[in-house]
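Thank you all for coming; I would like to take a few minutes to walk through one structure with you. Please look at the sequence and the model first, and then we will go through some details together.

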Amino acid sequence: METTQPTPAATGGPLRRLTVLSGGMGGAKFIQGLLHGIATGSLPGVAPDAQVTVIANTADDWWIHGLKVCPDLDTVMYTLGDGIDPERGWGRRAETWSVKEELASYGVEPTWFGLGDRDVATHLVRTQMLDAGYPLSAVTKALCRRWLTPVHGDTVTLLPMSDDRVETHVAIPAPETPSGRRVVHFQEYWVRLRAELPAEAVVVVGLDSSTPAPGVLEAIAEADVVLVPPSNPVVSVGTILGVPGVRDAVRATTAPVVGLSPIVGTSHVRGMAEQMLTAIGVEVSAAGVGLNYGARSGGGVLDGWLVDERDRDQVDRLTAAGLRAAAVPLMMTDHDATAAMAAAALALVVDPA
């Protein structure tokens, strides 16, 4: 059956405002490649002084040892500020762990979640500012003056999805309990349990009553293009879209919206997208994720969806559902490869003419 892909959106000029809906490691790595592409001029149609606004997931956040920890915000901030540990993909480079070791010596739980000595400073500053009454968005802006401004000037802005407290919990099997399951914080599921138990349900506490942080809706409405990187579609991008008003803003923006699959072949590249997709009953495939987001022409949030070249046979399913789709290499092996992914995503939905 022949399928007709929607026509790319005409920009009327170079792209100057790029908005990204991001989780942690995968999103941060994609944004790093995107910025590399802008700096090297390898993204056709993108202005060399383009502004990039990152709206980051905060549903992974939690309180530990009296400190507010925002894993996805910090991973994006450290990565783009050249402070990330490149081997782990999270936390600070050249980290030491004296505080973690001392807490363990005192028998203070949880011992399975460690804060590095350098990383603790970020959480202390954040917690002190929150205690003083500053919203998370203002705190994030202050922290970014250290990390993003020296490297990117005013061309990169990092926004939390909401100033409100939102936390993801996961229901897991627990045969010893009356209900046969128990609910743990996302961090316990990911760090202590290593996502090795099946996720029976995902519960995002506080999401329904949250509101978008200042600047979030404007960044979507005023964008020249909105990008959805290969972040977890359930507990990263899914929670951002779940903040009341955000999904509607993405559907309503005049900018084209394009995403890149976090699923290659039959599994995720990194993380736990497979477990989370299974928990919400979504097919674990590149097409399954794209169809779950849905085409804006049918009430979804996407205009285009890139899949890996190994999933080329799924393109027809996507185009039949109203999405522009293409298959290209989607492994972020280095900055050039990631910039090429970003260029392919833009080419899918933007008509440079």
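This is a predicted model: local features need pLDDT of at least 70, side-chain atom pairs count only at pLDDT 80 or more; totals for chains, interfaces and linings use all residues.

Let me begin with a question: is Trp-112 buried, partly exposed or exposed? Trp-112 is partly exposed, since its relative accessible area is 24%, where buried means under 20% relative accessible area, exposed means over 50%, and partly exposed is what lies in between, computed with a 1.4 Å probe on protein chains only.

Residues are numbered from 1 along each chain as its sequence is written, and side-chain values use heavy atoms, with hydrogens and water left out.

Now to the rings. The structure holds six aromatic pairs, and here the rings of Phe, Tyr and Trp (for Trp, its six-membered ring) pair if their centres lie within 6.5 Å, with planes under 30 degrees apart counted as stacked, over 60 as edge-to-face and the rest as tilted. One of them joins Trp-62 and Trp-112, which are stacked because their centres are 5.6 Å apart and their planes stand at 20°. This pair links distant parts of the chain, 50 residues apart, with Trp-62 in strand 4 (residues 62-64) and Trp-112 in the loop between helix 3 (98-105) and helix 4 (117-131); helices (H or I, at least four residues) and strands (E, at least two) are DSSP runs, numbered from the N terminus. Trp-62 counts as buried, at 10% relative accessibility, and ring pairs link Trp-62, Trp-112 and Phe-113 into a cluster.

Let us turn to another pair. Tyr-78 and Trp-147 are edge-to-face, 5.1 Å from centre to centre and with 70° between the planes. Because Tyr-78 lies in helix 2 (residues 71-80) and Trp-147 in helix 5 (residues 136-147), this pair ties together parts that are 69 residues apart in sequence. Tyr-78 is buried, with a relative accessible area of 1%, and Trp-147 also counts as buried, at 8%.

Strand 11 (residues 257-260) and strand 14 (residues 304-308) pair in the parallel sense over three bridges, and Leu-260 stands opposite Leu-306 in strand 14.

Finally, the cysteines. The structure holds zero disulfides, a disulfide being a pair of cysteine sulfur atoms within 2.5 Å. Cys-70 is in no disulfide, and the nearest cysteine sulfur, that of Cys-144, is 11 Å away. Cys-70 is buried, with a relative accessible area of 0%, and Cys-144 counts as buried as well, at 7% relative accessibility.

Key: Two strands pair if DSSP finds at least two bridges between them.
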